[in-house]
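Reader: Before we turn to particular contacts, could you take me through how such features are to be read, beginning with the charged side chains and then moving on to helix packing?

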Amino acid sequence: MLSASCGTLLDDIEDIVSQEDSKPQDRHFARKHVVPKVRRRHTPKYLQDENSPPSDSTIPGIQKIWIRTWGCSHNNSDGEYMAGQLAAFGYKITENASEADLWLLNSCTVKNPAEDHFRNSIKKAQEENKKIVLAGCVPQAQPRQDYLKGLSVIGVQQIDRVVEVVEETIKGHSVRLLGQKKDNGKRLGGARLDLPKIRKNPLIEIISINTGCLNACTYCKTKHARGNLASYPIDELVDRAKQSFQEGVCEIWLTSEDTGAYGRDIGTDLPTLLWKLVDVIPEGAMLRLGMTNPPYILEHLEEMAKILNHPRVYAFLHIPVQSASDTVLMEMKREYCVADFKRVADFLKEK
């Protein structure tokens, strides 16, 4: 049975997880890899002080790293993957920025305030003589900006190589990995989904089902960072969901720049993926779908209504309006009109 909190009206999606929510304790305590840890010997403190390398040592795997992420749930998932890999290698992930030897700044380019915070954090890190690695959409989209010069950058599709970049940065080198992942010339969705991960909330797994999109909106910088649509295969996404539930997770959040466009590049579609995922959701766990643009959900409205009515799927969908003017939407190259948005909203509310 789902808890009473699932039936109440929520002001914000972040309020979904509460103390009353169903927590599959058996799976939670049986999880093996939620937080990768390195086994260390219990050495007396006086010997630790004597044998520990100095904080400015270039020996990899002993430094403290502070990670700051701005932006969407896709970016947050990338940050969790990078934290997991670094911790698995031996680095200590710290919440204290001042004690960290290296700052990993994972940026967002959607809005100016987030980019301003990112730029200010770089300046502060430089003032405090911290080693710096930059990630996320800002350096991927605009790697030649003056304030990024001389700094290490890891691209949005290269997060599985974060340990290499951190290692070289600690040694005093500047590294830039901005390439795309490809298989026989075909662009892939990104890094592997089975990488180690440190979740900010151990009960929620954020899964990126695709990267990029099919649009070319006139105002959007994210397109320059994430590129064209590239979807993960259904079997890989289902395997990741199964693994997450085994590790004690009781919510799956699906994310991407446009979930509605999922699969169009690999011969499938979003409803097909969702039905496969629904089959593996255990009792007491839930699935939540992220943002979809109106054009790519219109042809799936009947199936989407059935899926959103499923007891283990939140009846929630994020559909951006952007403007109530067809003229403005056309100038934005949004590829839908006001009537399209109304049709999506009215149909799903009715069902």
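Author: A salt bridge is a side-chain nitrogen of Lys or Arg within 4 Å of a carboxyl oxygen of Asp or Glu. The model is a predicted one, in which local features need pLDDT of at least 70 and side-chain atom pairs count only at pLDDT 80 or more, while totals for chains, interfaces and linings use all residues. Residues are numbered from 1 along each chain as its sequence is written, and side-chain values use heavy atoms, with hydrogens and water left out.

Reader: How many salt bridges does the structure hold, and which residues are linked in a network of them?

Author: The structure holds 16 salt bridges, and a network of them links Glu80, Lys197, Arg199, Glu205, Arg240 and Glu247. Within it, the side chain of Glu205 meets that of Arg199 at 2.6 Å, N to O, and Glu205 also meets Lys197 at 3.3 Å, N to O. Arg199 in turn forms a salt bridge with Glu247 at 2.7 Å, N to O. This last pair links distant parts of the chain, 48 residues apart: Arg199 lies in the loop between strand E8 (186-187) and strand E9 (204-208), and Glu247 in the loop between helix H8 (234-246) and strand E12 (251-255). Helices (H or I, at least four residues) and strands (E, at least two) are DSSP runs, numbered from the N terminus.

Reader: How should I read the packing of two helices?

Author: Two packed helices are described by the angle between their axes and by the distance between the axes. Here the axes are lines fitted to C-alpha atoms, for helices over the stretch in contact, with angles running from 0 to 180 degrees between N-to-C directions. The axes of helix H10 (residues 301-308) and helix H12 (residues 338-350) come within 10 Å and cross at roughly 40°. H10 is therefore oblique to H12, where angles under 35 degrees count as roughly parallel, over 145 as roughly antiparallel, 65 to 115 as roughly perpendicular and the rest as oblique.

Reader: Which residues of H10 and H12 make the contact?

Author: With contact meaning heavy atoms within 4.5 Å, H10 contributes Leu301, Glu302, Ala305 and Leu308, and H12 contributes Arg343, Val344, Phe347 and Leu348.
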